Amino acid sequence: GAFNKLQEIEHEKRNPIKKIPKYKKKKLKPYDYQLEGVNFIEYHNGRALIADEMGLGKTIQALAWVQYRKDIQNILIVCPSSVKINWKEEFEKWVLRKYNIEILRGTTPYKITGNVVIINYDILNRWIIDLKLTNFDVCIADEMHYVKSEKSQRTRAFKEIIMGIPNVIELTGTPIENKPIEIYNIVQAISPDIFPNYYSYLYRFCGAKRNQYGGIDATGSSNEKELNRILKNTIMIRRKKSEVLKELPPKITVQVPL
């Protein structure tokens with residue numbers, strides 16, 4: 001009984017949010033597992049990786065947290081080019097406060113006027129200075145696996161832009177597509193303290209070994225269960241469709257503008 005009581009106390013501590021303000025009037029209601037994701041973000045002080053499988057509403061969880069946090073004023077949304085308009089529409093649906101939403105286009109920077117800025121990964125490196133001059137309260141990074149490569153321009157630009165942004169919410173259904181090295185930058189963007197030493201990470205989780213040229217081959221994998229446990233105990237929440245299927249309706253119809 002005492003153990004159950006401790007579990008209840010811990011659950012209440014981790015899930016302080018019971019409902020999202022004003023959603024009832026608009027007949028909006030996140031599913032229970034989505035509300036759990038909102039609580040996860042809040043419990044981790046606005047720095048979290050939502051790694052639910054595709055189709056479980058990671059966008060809704062991030063935006064519902066913004067709706068809950070009335071102190072959030074300036075928001076940066078980084079996403080693939082193909083979903084920039086979709087992010088604008090979802091923001092207007094799930095965040096009921098008035099914001100000026102601006103979608104940035106092109107590689108030649110111009111004056112940023114919006115307090116919600118939506119930009120795609122491919123042009124990030126051209127907008128670094130302008131974005132850093134805007135004091136964002138939160139960065140929401142959709143399809144975060146786009147910045148898995150240490151050598152890519154988009155990864156370096158993203159890491160520089162988010163320096164100093166207090167809240168970082170990352171969304172991806174595939175945090176690791178092929179090998180553990182891919183998630184290193186994703187974790188570093190939220191909490192560098194989890195894996196403070198790059199080479200220790202390579203040897204512990206990437207099966208690193210010296211190649212014939214004297215370099216390090218980190219394309220392998222090792223201690224996968226330990227890595228998964230560390231991530232889930234720190235910054236990552238991940239649910240599969242099979243785990244939450246009972247909450248989902250038989251069919252969801254979505255209009256996609258072309």
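**Reading buried residues**

Modeller: This is a predicted model.

Colleague: Where is E182 found, and with which residues is E182 in contact?

Modeller: E182 belongs to the loop between β6 and α7. Setting aside neighbours within four places in sequence, E182 is in contact with K148, P175, I176 and E177. A polar atom of the E182 side chain lies 2.8 Å from the backbone nitrogen of E177.

Colleague: How should I read the buried residues of a helix?

Modeller: An α-helix has 3.6 residues a turn, so residues three or four places apart point the same way. In helix α4 (residues 84-94), the buried residues are K84, W87, E90, F91 and W94. Viewed down the axis of α4, they fall within an arc of 120°, so they line one face of the helix.

Colleague: Against which elements do the buried residues of α4 pack?

Modeller: They pack against α3, β2, β3, β4, β5 and β6.

Colleague: And how should I read a nonpolar core?

Modeller: In soluble globular proteins, nonpolar side chains tend to be buried together. Here the largest nonpolar core has 44 residues, and those with the most contacts inside it include L76, F158 and Y201. Helix α7 gives the most to this core, with five residues. Apart from this core lies another, of 34 residues, among them F40, I75, W87 and W94.

Colleague: What does Y201 touch?

Modeller: Beyond four places in sequence, Y201 touches P180, I181, I183, Y184, F195, C206 and L227.

Note on methods. Residues are numbered from 1 along each chain as its sequence is written. This is a predicted model: local features need pLDDT of at least 70, side-chain atom pairs count only at pLDDT 80 or more; totals for chains, interfaces and linings use all residues. Side-chain values use heavy atoms; hydrogens and water are left out. Buried means under 20% relative accessible area, exposed over 50%, partly exposed in between (1.4 Å probe, protein chains only). Helices (H or I, at least four residues) and strands (E, at least two) are DSSP runs, numbered from the N terminus. The arc is that of the directions from the helix axis to the C-beta atoms. Contact means heavy atoms within 4.5 Å. A nonpolar core is a set of buried Ala, Val, Leu, Ile, Met, Phe, Trp, Tyr and Cys residues joined through side-chain atoms within 4.5 Å. A polar contact is a pair of N or O atoms within 3.5 Å; within protein, one must be able to donate a hydrogen and the other to accept it, and residues adjacent in sequence count only if both atoms are side-chain atoms.
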